[in-house]
Amino acid sequence: MITAYHHPGFAVPLGEHVMPMRKFALVADAVHAEALARVQAPAPIAEGDLLRAHTPEYVRAVRTGEPRALAESQKFPWSPALHFSVLLTNGGVVAAARAALADGVAAAVASGFHHAHADHGEGFCTFNGLVVAADVLHAEGAVARVAVLDCDLHYGNGTASLCGGRPHLYNCSIYGNDYHQNQPFRDVSVVRHEDGPNHRSYALPNGSGRPALLEALERGATDLLAWGRPDLVLYQAGADPYREDPYSPLDLDHEDLRQRDRWVFEWAKRHGFPIAWVLAGGYTADVSKVVAVHVGTFEVARLVFRRV
Ligand SMILES: [Zn+2]
């Protein structure tokens with residue numbers, strides 16, 4: 001059975017907030033109830049492991065709440081509970097990455113936090129769990145190369161900024177909300193950007209459906225393999241590309257996103273790449289539709305990897 005890392009402390013009580021924190025528990029409950037995964041609690045990450053990817057000033061600000069503007073740069077109100085929750089969620093990403101190396105596949109019922117930079121947070125992302133996990137396993141000698149396959153609606157700008165000076169890391173960001181701001185039109189093809197020696201991104205035109213998404217995955221995988229064979233793939237299975245998401249200009253329904261997940265898992269399996277996935281964004285007002293996307297990823301993973 002697939003191991004999925006979740007802890008009730010992943011969700012900080014924020015009241016009415018655009019980030020639907022409760023989705024994490026709803027997904028964990030559903031995968032447990034449907035026996036799609038074995039849900040385990042991760043340990044909070046050690047501060048020393050955060051310091052591999054983040055500056056001491058920033059890590060200290062999130063621990064102490066001061067300076068407040070820096071502690072809240074991810075746009076969450078700071079509290080001791082917020083600090084503990086980000087230690088747990090980042091611990092969950094590291095645990096899932098480790099479990100994937102042992103079992104071939106694993107998940108963290110948390111976000112990957114791809115907007116977090118070395119010295120500040122952004123877009124509800126405090127610490128960049130993807131880069132932290134890559135750095136922890138690389139420092140241990142467990143992996144030589146880690147690839148991030150980021151299929152959140154948004155461009156993984158934090159991960160992109162952290163690619164510099166990390167030849168062990170590759171970032172492939174497939175997104176529908178063009179960060180480069182040069183492609184506002186419908187019915188044009190996927191635009192590929194060379195963002196750095198170890199980073200490529202693929203902008204999906206507004207209105208894109210399944211064909212454009214699969215084309216971007218094919219092109220992204222080709223570029224990734226040209227960089228090298230990863231020892232681990234970290235997959236951001238975002239729910240915000242979903243057509244009803246308030247941020248999504250794409251035309252992707254639940255089945256399209258299941259086909260995306262199937263493509264990714266079959267690709268990883270075919271190449272023998274261990275893969276750990278995280279949930280990432282999803283803001284549809286009816287949270288059950290967001291949960292359905294994330295549970296769909298578990299259903300597809302079980303099918304592809306035949307873990308029952
Ligand atoms: Zn997003």
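Me: Why are helices α8 and α9 called roughly parallel to each other?

Reply: In this predicted model, the axes of α8 (residues 210–227) and α9 cross at roughly 20° and come within 10 Å. Angles under 35 degrees count as roughly parallel, over 145 as roughly antiparallel, 65 to 115 as roughly perpendicular and the rest as oblique. The pair α8 and α9 is therefore roughly parallel. Axes here are lines fitted to C-alpha atoms, for helices over the stretch in contact, and the angles run from 0 to 180 degrees between N-to-C directions. Helices are DSSP runs (H or I, at least four residues), as are strands (E, at least two), and both are numbered from the N terminus.

Me: Which residues of α8 and α9 meet, and what is the hand of the crossing?

Reply: Contact means heavy atoms within 4.5 Å. On the α8 side the residues include Leu 213, Leu 217, Ala 221 and Leu 224, and on the α9 side they include Gln 259, Trp 263 and Trp 267. The crossing of α8 past α9 is right-handed; this term applies if the near helix is turned clockwise from the far one by less than a right angle, and left-handed if anticlockwise.

Me: What describes the packing of α9 against α10?

Reply: Two packed helices are described by the angle and the distance between their axes. For α9 and α10 (residues 287–305), the axes come within 9 Å and cross at roughly 35°. This crossing, too, is right-handed. Among the residues making the contact are Leu 257, Asp 261 and Phe 265 of α9, together with Val 293, Gly 296 and Val 300 of α10.

Me: How do you know which residues are donors of the zinc ion?

Reply: Donors are N, O and S atoms within 2.8 Å of the metal (3.2 Å for Na, K and Ca), and sites may look incomplete because water is not among the atoms. Asp 152 (OD), His 154 (ND1) and Asp 240 (OD) lie 1.9 to 2.2 Å from the zinc ion, and these are its protein donors. Their spacing in sequence is D-x1-H-x85-D. His 154 belongs to the loop between β4 (146–150) and α7 (157–163), and Asp 240 to the loop between β8 (232–236) and α9 (254–271), so this pair ties together parts that are 86 residues apart in sequence. Both His 154 and Asp 240 are buried.

Me: Why is Ser 173 called buried?

Reply: Buried means under 20% relative accessible area, exposed over 50%, and partly exposed in between (1.4 Å probe, protein chains only). The value for Ser 173 is 0%, so this residue counts as buried. Ser 173 is in strand β5 (residues 169–175). Leaving out residues up to four places away in sequence, its contacts include the zinc donor His 154 as well as Asp 150, Tyr 155 and His 199.

Me: Is Phe 113 buried or exposed, and what is its phi?

Reply: Phe 113 is buried, since its relative accessible area is 11%. Its phi is near 65°, again positive in a residue other than glycine. Phe 113 lies in the loop between β3 (105–108) and α6.

Me: Which peptide bond is cis?

Reply: The bond from Glu 66 to Pro 67 is cis, with omega near -5°. Pro 67 sits in the loop between α3 (56–64) and α4 (68–71).

Me: What makes α6 mostly covered?

Reply: Of its 12 residues, 9 are buried, including Leu 130, Val 131 and Asp 135. Gly 141, with a positive phi near 80°, follows the helix.

Methods. Residues are numbered from 1 along each chain as its sequence is written. This is a predicted model: local features need pLDDT of at least 70, side-chain atom pairs count only at pLDDT 80 or more; totals for chains, interfaces and linings use all residues. Side-chain values use heavy atoms; hydrogens and water are left out.
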